[in-house]
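Please look over the sequence and the three-dimensional structure shown below.

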Amino acid sequence: MGTQQSTARQPAPEAGPLPFVALYRKLTDGGGAPSLKVSLKNQFESYFGGPYPLFGQLLYARLFGDKVVDEATFSSAISQLAGLADSEFEPFIFSVFSKGAPEIGENDLMKVAYTAVLYALAAGSETAKELPENHFLPKSILSSVESQTLNSAQFVNWLKRCSPNLLEGLHRWTLGAVLRCRGSSQAHSDESLQGQYVLPSPHLEGDLVSKEPELSALIWAMSTLVPIALTVKSAKLVKPNQVSFPVGGVWTLLYSSRKHGTSMNRFLHHCLDYKKPSVMFVKCYHKTEHTDNLFALMVDTEWYCGPRYWGHEEFRLVQLQPVFRLLKSGPKLLSLNDSHRGFPVGLQVMSSPQTCLLQVDDTLEKCRLYDGVWLTVESIEVWGCGGLQAAEYQGKLKQWEEKAVLKSRNVRREGLKEMWLDSPDRYLLELGGIETNRPKEQQDS
């Protein structure tokens, strides 16, 4: 009989640690027992609901419902959340706010927009930004929704058509919250997911007339509609410490009607000779409808005053309030004229040679919209987007121009004096006994 060779049984490979177990243990204070269900729920809602507690509550309900959540269940759900692509995140957010229903109503859509604003501001800035729930921006964003309810496909189509980057900040904030607590041995290999969402908000220089959180929200809103032109780039992922200022660089306040006065001369003095792009905000009030209207002109070249239309391909006219939409973009749509006859005075943005979308009169006190109604201008601000060097260069140009003007005045006076000395009128006066070369004090004595 041959000897039977016994084969040693190979031990089963040890299962690796579950992904996101560090986050689970952080939220349960290191425990894993089912009795910690309530504690996990409360901690999860607090952790993910930092800017807006309601989102934490809805997210937990969407991921876990009433289930008892152990480490394996938690890791599986969070892994799916972390793996969502942008195109998958949109229908996921629909399911979060619809609470599993096939359609979402106006009130829940308002919560989506408000959540998107808050989390974008929280994700893209080191300083916490807060906006009241009744802020006009979420309502303006939803002004393009044509139905009182939307299903998931209609929701996604509306985002792509009207506000394609709306959920980007929320998505990046959520990814950041998840990946911060991922175990070091399970570090994510995709460097893009380890990036930091940077709000397309400028670093503001100078005396601020606008409140910075308000201006940051407006810039973010414009970036969700179209990639912001000028030096303001569209929101994106960048690695931490890659930029010294937020995307958008340094903005300088060039003109404010509240600070510098309401006049075309003051406007031209502060805006001309700035050689870089700028953004102009025009806020006006409709007395009949009792509504505020807010427009942003993204001017992609230096300002020009004269009888022609100007601007390049990246010029944008965006309405921010009471509706949120891109009104027009393209070259040679803007004009600014203070005195040339035969050409409209004031500021105009045209959609065609015969149709004016926005007109501000030469007093800067009245504004006419595309429907022909004149409104009262409440404030105008122009922000230069070219950084500190552009503002310094503009200042040097103005100093040079002022010196040139003073020099020309002195030259003119000397020239007039020489003309008077050789004038026949002076000769006739002196024949009549009137001395013209004496100082005025001696003539009066």
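Helices here are DSSP runs of H or I with at least four residues, strands are DSSP runs of E with at least two, and both are numbered from the N terminus. N134 is exposed because its relative accessible area is 67%; exposed means over 50%, buried means under 20%, and partly exposed lies in between, with a 1.4 Å probe and protein chains only. Along the chain N134 and Y114 are 20 residues apart, and their C-alpha atoms are separated by 9.2 Å.

Two points about the model should be kept in mind. It is a predicted model, in which local features need pLDDT of at least 70 and side-chain atom pairs count only at pLDDT 80 or more, while totals for chains, interfaces and linings use all residues. Residues are numbered from 1 along each chain as its sequence is written, and side-chain values use heavy atoms, with hydrogens and water left out.

The protein as a whole has 15 helices and 16 strands. Of its 445 residues, 44% are buried. Contact means heavy atoms within 4.5 Å. Among contacts between residues at least 6 apart in sequence, 63% join residues at least 24 apart.

The interior may be described through its nonpolar cores. A nonpolar core is a set of buried Ala, Val, Leu, Ile, Met, Phe, Trp, Tyr and Cys residues joined through side-chain atoms within 4.5 Å. The largest one has 80 residues, and F44, F74 and F281 touch the most other members. Helix 6 (residues 106–123) gives the most to this core, namely 11 residues. When neighbours within four places in sequence are set aside, the contacts of F281 include L215, L218, F295, L320 and W383. A second, separate core of 34 residues includes V282, L336, V349 and V382.

Just after helix 3, G65 takes a positive phi of about 60 degrees.

Helix 3 also meets helix 5 (residues 86–98): their axes come within 8 Å and cross at roughly 100 degrees. Axes are lines fitted to C-alpha atoms, for helices over the stretch in contact, and angles run from 0 to 180 degrees between N-to-C directions. The two helices are therefore roughly perpendicular, a term for angles of 65 to 115 degrees. F55, L58, L59, R62 and L63 of helix 3 make the contact with F92, I93, S95, V96 and F97 of helix 5.

Some backbone details remain. K99, in the loop between helix 5 and strand 1 (103–104), has a positive phi of about 60 degrees although it is not a glycine. L364 also has a positive phi of about 60 degrees without being a glycine, and it lies in the loop between strand 14 (355–360) and strand 15 (366–369). Is each of these residues buried or exposed? K99 counts as exposed because its relative accessibility is 56%, whereas L364 counts as buried because its relative accessibility is 5%. Finally, the peptide bond from Q321 to P322 is cis, with omega near 0 degrees.

How values were computed: Parallel < 35°, antiparallel > 145°, perpendicular 65-115°, else oblique.
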